[in-house]
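Subject: Structure handover

Dear colleague,

Here is the structure I promised to pass on. Please open it alongside this message; my notes follow below.

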Amino acid sequence: GKVVFADWNGTFQVWDAATNTVIEQRPEYMDWIVWLSWDHDVIRAATDDGRLIGWDANSGELWSVDQTSLDGLPTNWTSPDGTRRAEIDETGIMRIFDAATNQQLAEFPGLANTIAWSADSKLIAVAMRNGTIKIWGEA
């Protein structure tokens, strides 16, 4: 999988978790990530300081950094296939539930701000409070 690391000291990195190597790196200061979307091969993140960052989910190539308004950004924490729902409590703990039965399926380590599902519902991108975006999949 991929791990996106947006360091507050001014570096944006995409890592390949399997090989532990940096795929993409460039200087780019970012504040807390407060919104994510995942549209097929493009992941977009909005930061608290109003930046909208877009990159290729497969190659890690950073496509764009633009200014945006955080007002009206759509959020949907139910997987596209409708089978699972993500929730983040007030402390930042994220859990995945079966949408039909409300049974808890997973609890993720670390503290999260927001999430986005992949289009096929198999992966989930989680914006962590430590400045990283982690991409999780089923084992």
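In this predicted model, an open sheet is built from four strands, arranged in the order 4-5-6-7 with antiparallel pairing. Strand 4 (33-39) and strand 7 (62-67) are the edge strands, each pairing on one side only. On average, and with direction ignored, neighbouring strands of this sheet are turned by 15° against each other.

Is Asn113 buried or exposed? Its relative accessible area is 18%, and because the cut-off for buried is under 20%, Asn113 counts as buried.

Two polar partners of the Asn113 side chain can be listed:

- The backbone oxygen of Ile33 lies 3.1 Å from a polar atom of the Asn113 side chain.
- The side chain of Arg129 makes a polar contact with the side chain of Asn113, at 3.2 Å.

Which residues is Asn113 in contact with, leaving aside its neighbours within four places in sequence? They are Trp32, Ile33, Trp77, Ile88, Ala127, Met128 and Arg129. Ile33, whose backbone oxygen was mentioned above, falls within the range given for strand 4 (33-39).

Regards

Technical notes
Residues are numbered from 1 along each chain as its sequence is written. This is a predicted model: local features need pLDDT of at least 70, side-chain atom pairs count only at pLDDT 80 or more; totals for chains, interfaces and linings use all residues. Side-chain values use heavy atoms; hydrogens and water are left out. Two strands pair if DSSP finds at least two bridges between them. Helices (H or I, at least four residues) and strands (E, at least two) are DSSP runs, numbered from the N terminus. Axes are lines fitted to C-alpha atoms, for helices over the stretch in contact, and angles run from 0 to 180 degrees between N-to-C directions. Buried means under 20% relative accessible area, exposed over 50%, partly exposed in between (1.4 Å probe, protein chains only). A polar contact is a pair of N or O atoms within 3.5 Å; within protein, one must be able to donate a hydrogen and the other to accept it, and residues adjacent in sequence count only if both atoms are side-chain atoms. Contact means heavy atoms within 4.5 Å.
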